[in-house]
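Dear colleague,

Please find the structure below, together with its sequence.

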Amino acid sequence: MVLDVDPVQGTLDELGTPLSEVTFVVFDLETTGGSPADDRITEIGAVKVRAGEVLGEFSTLVDPGGPIPPFISVLTGITDAMVMAAPRIEAVLPSFLEFIHGATLVAHNASFDTRFLKAACAAHGYPPPVNPVVDTVDLARRVLTRDETPNSKLATLARFFRASTEPCHRALQDAKATVDVLHGLIERAGSFQVHTLEELKSFVRAPTPEQQRKRHLAESVPHAPGVYFFEDERGEILYIGKSTNLRNRVRSYFTASETRPRIREMIGIAERVHHVVCATALEAEVRELRLIGGAKPRYNRRSRFPEKVFWLKLTQEAFPRLSIVREVKDDGAAYLGPFSSTRLADDARNALHEAVPLRQCTQPISTRTRRPACVLHEMGRCGAPCEGKQSQDDYRVHAEAARRAMTLDATPVFSAVSARMERLSVEQRYEEASVDRDRLAAFVRTAARMQRLAAVTRIPHLVAASPAFDGGWDIHVIRHGRLAAAGVMPRGAHPTPFVESLTARAETVIPGPGPIPAASAEETECILRWLESPGVRLVEVEGEWSLPARGAARHKARIDRAYQGRDRLRHREGRPLP
């Protein structure tokens, strides 16, 4: 007996919600900074759409209850005067929550906006919104290639999709631009058979067919710390990474958790995965840096060119000056660095010139040189040794002050530039003050970093140990800031013969000149982070490990606080940090 069975129609839950029936609220927030804990909302803009039709708009300025930082006002155009008569967030929030009720939220870099929204709800006794969230950044990275758009910034995507509104860091305008971007992205997603909200959300995180096809590349990789590298069919190294568990890390490249467009592109090219097992996690981190610097894989963004750095040099002349150079020589000169660009080196030089009246001309000057002085002498910024108005002994005082500021005490530079910034702020010359802020930051941050690195690179031999997970000890030999050997001492083993054996087979390190004489700055920083981590014990130390009592580190915390809000905003927009 044969039964005819009619097909069963799926339920709505099984079919999902068609995108044409989804109500989206595309919104954008402007804030006083990047931290929901410390900063406040200054503007809300939102557009409610369904099936391409605009159903409503929500827009209001918000009084943050405090001053808006000048650089935020320059970025957004929102000033203290504009928000003076605006409602506070507690008055705006109920209306906005009602506006978004039952809708799917959409934002560009949604985590930024939703974190501020949740913080506002928590601060005023409202439960956090549970709306589904779609991030147009993630969606763009999934459906667009690098050939089409070089990045996923809102302005870039708005131009690509010919949005009717140009984003300008004002909430409603940016929300309107994001609406056009969303519609363009949904149209693109349709070619991937994405037709429902549920499919859209899962599509963003789904692994590509290439990722699924190449999962077998991780099969031979062990569960151990080390370095891995992907190769193409010609043997070219495409990407190098490190992990405390090689197998788990490499397998993650072939799952939905890997969403970076560049890496997904790399997986499509890769044909092999090789690995190098390391004794410790620190050894793996150091080996990764060295391998990247040597092979320069095209899919690694960081650490590819450790040799491309710049230094600020106090020259060895009768009348020294500050010069930007590419190489540290064994010439007795004072150096400050390394800098990643000439712009940062020049910023630091300008900050130092603000505190010390060194000559800024580039021509050689001897005690017998006689030529007319430049305008800096008239401004009181130079003693005019070129005209013979300043003796070599008098000038040497300034040169020694510059040397001391570069290597020991940054206070004179910090005080001089800070005083100028305060004067400019009083005169409401905020953009000029921000230029000086950047110059001071370049000097203080680099000086603090160099002094911290030099404290370790001066030590010819150091052995340290940290507890391993199985009861043993990770032991490292460090010479002049370079990792010379690594090993794991088993639980219960006697430390003396193990350390003696490890030291005997450690690399012989012959230091060169300068603050980082034997390794890249990044390698020495990795070692420093490990040395300063909890549980690390010093076993042997030749020499002393100390920092200048009045070094630049005492000013760095103030500099970093001044940049926190701006750096978070730069990260939000995908722009590089300085």
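**Salt bridges and backbone**

Arg-445 is partly exposed, at a relative accessible area of 22%; buried means under 20%, exposed over 50% and partly exposed in between, with a 1.4 Å probe and protein chains only. Its salt-bridge partner is Asp-560, with the closest N and O atoms 3.1 Å apart; a salt bridge is a side-chain nitrogen of Lys or Arg within 4 Å of a carboxyl oxygen of Asp or Glu. This pair links distant parts of the chain, 115 residues apart, from helix α21 (residues 553–572) for Asp-560 to helix α18 for Arg-445. Helices (H or I, at least four residues) and strands (E, at least two) are DSSP runs numbered from the N terminus.

This is a predicted model, in which local features need pLDDT of at least 70 and side-chain atom pairs count only at pLDDT 80 or more, while totals for chains, interfaces and linings use all residues. Residues are numbered from 1 along each chain as its sequence is written, and side-chain values use heavy atoms, leaving out hydrogens and water.

The whole structure holds 31 salt bridges. Helix α18 (residues 430–457) also contains Arg-439 and Asp-436, three residues apart, which meet in a salt bridge at 3.8 Å, N to O. Asp-436 is buried at 5%, whereas Arg-439 is partly exposed at 26%.

In the backbone, a cis peptide bond joins Gly-337 and Pro-338, with omega about 0 degrees. Pro-338 belongs to strand β11 (residues 334–339).

Yours sincerely
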